[in-house]
Amino acid sequence: MKFIVGVSGGIAIYKVVDLVRRFKKRGDEVRVVMTDSATKFVTPELFREISLEPVMTTVFNNEETAAHIKWAQWCDAMIIAPATANVIGKLAAGIADDALTTVAIAMTKPLIIAPAMNKDMFNSAAVTANLSILKQRGVNIIKPSSGELACGVEGVGRLPEPVEIVEQVDKILNADKRLSGYKILVTAGGTREAIDPVRYIGNRSSGKMGYAIAKIAAEYGAEVILVTSSSLEVPPNVKCINVESAEQMRQAVLSEYETVSVVIMAAAVADYRVAEPSKQKIKKSEDTLTLELVKNPDILLELGQRKQKQILIGFAAETQTVEANAIKKLKKKNLDMIVANDVTSEGAGFGVDTNIVTLITSNGATPYPKMSKTEVAEVILNELLSFLLDTPHG
Ligand code: PMT
């Protein structure tokens, strides 16, 4: 592998000397780019001797022209260690005012950062927010470890040992990308059907199930579109389309349908909407209020009718005769798989972080024990992979 190691100015820099040595020892090629502050801790010569490659400390006066672009294109990944609060802030803000940040901003390959600093700095609102921005953009973050810090206090903020960084880098880069090349649309959350400008009919769906599927699908390398009525944090590398009502969800799903290989509908779509939502806030006058409801379109049914090459996966939120009802939906909506969950069971269904599901296909039903929604997402996507391997879907 070809790595660029970006070194910023922190006391943990001494570990990065060993990190570069370890990469070199196992045959990786390493080029080092240093911030000005980093050169106050160790000299570029040290890294040059260990890496046997040029070390970049400025965007000017390099042997090559546009060296920052060429370096970014040359490598398979860039690792910034230690990543100081300053460098993290600059990356989050898109500031490129030195060699390290200029190479980092030109990176199209995986960018991995290993923050290391005092615990109060690490826990500060600014660093937390900046790391969250970077995570959203798909930057991989190696968590600092806990222990005695350079400033003498105990806490989280230590740069992990070089051997651990190497392990984590390998794990990140070899992560399972078996859904790479597939475009997957996932729906999440409960739709909101307007009663008037301030009220709506909703349901208990939090969006957690759908977001977990979107997250794992993106980690598996798929191009993911999340159509959601929920406002949870969007997982990295996921394109999010926000909707409110069933009709808006239908429009968003249909507009992408032709281009996707797979649709997974975890959303709880309202079956009915208010026939004529009031344009003004309804005043409290009578003792009773009657709302006329009309049927919403069944999005999944429509997708099943229009299906060409797509794999369709639905969910069935049931409260009784779970499997039989789910099988009926599988057939009626022309699905390849349905994920049945008894939403009355403890630890299953709406709002919670776990679910208890049975995966049903034309080959039969497979029940699973209570698992985290992330694990449920993995099970569903692994089952999806067997469909994709059977039939090549573009
Ligand atoms: O969001 P969470 O809090 O994590 O909760 C997860 C969940 C309970 C919402 C999820 O696990 C789940 O069961 N989602 C499906 C909820 C649902 O609407 O089930 P249903 O049996 O009514 O619908 C069957 C399928 O048809 C679903 O895939 C649904 O998205 C789809 N549908 C339903 C009605 C409709 N008008 N259009 C649809 O496309």
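This is a predicted model: local features need pLDDT of at least 70, side-chain atom pairs count only at pLDDT 80 or more; totals for chains, interfaces and linings use all residues.
Leu52 lies in the loop that runs between helix H3 (44–51) and strand E3 (55–56). Although Leu52 is not a glycine, its phi is positive, at about 55 degrees.

Asn237 also has a positive phi, near 60 degrees, in a residue other than glycine. The loop between strand E12 (223–228) and strand E13 (238–242) holds Asn237. Asn237 counts as exposed because its relative accessibility is 53%.

Another backbone feature concerns a peptide bond. Ala81 and Pro82 are joined by a cis peptide bond, with omega at about -10 degrees. Pro82 belongs to strand E4 (residues 77–83).

Helix H10 (residues 208–219) comprises 12 residues, and the distance from its first C-alpha to its last is 16 Å, close to the 16 Å expected at 1.5 Å a residue. H10 is mostly covered, with nine of its 12 residues buried; among them are Met209, Tyr211, Ile213 and Ile216. Just after H10, Gly221 adopts a positive phi of about 100 degrees.

Leu300 is itself one of the buried residues of H12, together with Ile299, Glu302, Leu303 and Gly304. These buried residues pack against helix H11 (246–257), strand E14 (262–265) and strand E17 (311–318).

Key:
Residues are numbered from 1 along each chain as its sequence is written. Side-chain values use heavy atoms; hydrogens and water are left out. Buried means under 20% relative accessible area, exposed over 50%, partly exposed in between (1.4 Å probe, protein chains only). Helices (H or I, at least four residues) and strands (E, at least two) are DSSP runs, numbered from the N terminus. Contact means heavy atoms within 4.5 Å. The expected span of a helix is 1.5 Å times one less than its number of residues.
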